[in-house]
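Student: I would like to learn how to read a sheet and its surroundings in a model. Where do we begin?

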Amino acid sequence: MIRSVSVSMNFAVAFAFVCIITVVPWRVESQEEQRLLVGMRIVRNARDTGALCLDGSLPGYHLHRGYGAGENNWLLQFEGGGWCNDLQSCLERAPTRRGSTKHMNKFAVFSGILSNNATLNPDFYNWNRVKLRYCDGASFTGNRLFKNGTTTLYFKGQKIWEAIIEDLLPKGLGKAYKALLSGCSAGGLATFHHCDNFTNYLPTTTTVKCLSDAGFFLDGRDVSLNHTMRYFVKSLVTLQGIEQNLNENCTTALSYPDLCFFPQYGLKYISAPFFILNSAYDVFQFHHILAPPSADPFGHWNHCRVNKSTCTPAQINILQGFRLSMLAALKPFYFYSNRGGMFINSCFAHCQSESQETWFGDDSPRINNKTIAEAVGDWYFSRNRSKQIDRPYPCDNDKTCHNLIP
């Protein structure tokens with residue numbers, strides 16, 4: 001059994017857990033009808049600073065211009081896509097779309113938080129919206145070059161981030177009225193690492209806030225009680241030269257600075273207002289942190305991993321313990337972050353801001369009858385307090401979940 005962090009009943013009551021409500025007062029047009037494809041822009045001068053993808057190709061991004069009342073507002077979205085923590089995995093990643101712009105689709109679908117339709121994305125539809133392509137394998141944080149005579153790998157995520165920002169500043173970002181830095185998965189993790197740095201690039205008059213979607217990766221034990229993810233992160237930080245780019249206050253405070261790659265340790269040092277969107281049963285974390293194959297050599301979790309209805313009562317208890325561990329890690333943020341927001345639902349999902357059906361649709365996930373888009377909008381524009389946490393699975397009214405596993 002995995003050890004779970006104890007959370008008191010008073011804590012649970014204070015969180016005011018509520019089931020997802022299925023009331024749907026509106027309908028939206030199908031995503032297919034609203035399909036928006038945006039072309040890639042290559043950062044041509046990135047080579048001057050060594051800001052290159054794993055394979056040495058130039059980095060890129062997609063920009064869809066804002067208009068009207070949003071023409072001076074900017075939303076930047078980090079793309080996600082896992083990490084590579086050793087030479088073999090990075091060599092395998094380099095000649096793919098995760099390590100090279102040469103192998104990426106040259107057009108990206110803008111939906112969900114990136115949509116340009118007011119019906120589908122009411123608060124950000126007319127902003128300048130940017131998708132930063134992910135090709136470094138370390139959440140835009142590395143800064144190291146590997147050469148062994150025959151092979152070169154560019155671990156230059158930090159430089160890529162800087163190069164893209166420098167390219168966008170003269171295009172209007174440098175005069176932004178409002179700005180939101182967001183990202184999904186490994187991109188959501190990048191948001192934690194670059195939030196305050198993003199603020200430093202912009203005028204002091206700019207309203208700057210940050211959003212992480214499915215990026216709150218836990219430093220937790222797996223089902224065999226090992227720290228599989230912690231060891232993975234340690235090798236990633238070492239390989240890609242990440243420690244120099246982690247939050248200095250965090251690395252100074254901890255005996256093991258590489259732990260600052262985990263958001264739970266660095267979150268309290270972030271100054272800008274922050275919103276955390278995550279599932280308490282995040283499928284990626286379920287599969288790779290809680291119950292990775294390396295921790296389950298006899299395959300006891302094989303069926304549960306792909307179909308939650310086949311999980312045994314003991315396995316459900318372990319999943320509930322993982323949820324409690326996440327809530328315990330978020331407890332200080334919930335109680336003491338006056339400008340923070342959160343939406344922690346009980347769906348078996350991963351990344352919910354880029355998909356229209358989970359962002360703002362007729363059957364999107366809800367907590368307290370609010371969609372994710374409404375919760376984020378309420379927080380960003382200070383319309384209402386926006387810290388929502390769902391009751392544990394199974395919730396009586398969780399029909400609106402778009403689960404990645406049945």
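Tutor: With a definition: two strands pair if DSSP finds at least two bridges between them. This is a predicted model. Strand E8 (residues 178-184) and strand E9 (residues 207-213) pair in the parallel sense over seven bridges.

Student: Which residue in E9 is the bridge partner of Leu181?

Tutor: Cys210 is the partner of Leu181.

Student: What is the order of the strands in the open sheet?

Tutor: In general, strands of a sheet pair through backbone hydrogen bonds, either parallel or antiparallel. Here the pairing is mixed, and the ten strands run in the order E4-E1-E2-E5-E3-E8-E9-E10-E11-E14. E4 (107-109) and E14 (387-389) stand at the edges; each has a single partner strand, so one side of each lacks a neighbour in the sheet. On average, neighbouring strands are turned by 20° against each other, direction ignored.

Student: Which strands does helix H10 touch?

Tutor: Helix H10 (residues 313-336) packs on the sheet and touches E10 (274-279), E11 (341-345) and E14. The direction of H10 makes about 160° with that of E11.

Student: Is Gln388 buried or exposed?

Tutor: Buried means under 20% relative accessible area. Gln388 lies in strand E14 and has a relative accessible area of 8%, so Gln388 is buried. Leaving out residues up to four places away in sequence, Gln388 touches Met342, Phe343, Ile344, Ile367, Asn368 and Lys370.

Key: Residues are numbered from 1 along each chain as its sequence is written. This is a predicted model: local features need pLDDT of at least 70, side-chain atom pairs count only at pLDDT 80 or more; totals for chains, interfaces and linings use all residues. Side-chain values use heavy atoms; hydrogens and water are left out. Helices (H or I, at least four residues) and strands (E, at least two) are DSSP runs, numbered from the N terminus. Axes are lines fitted to C-alpha atoms, for helices over the stretch in contact, and angles run from 0 to 180 degrees between N-to-C directions. Contact means heavy atoms within 4.5 Å. Buried means under 20% relative accessible area, exposed over 50%, partly exposed in between (1.4 Å probe, protein chains only).
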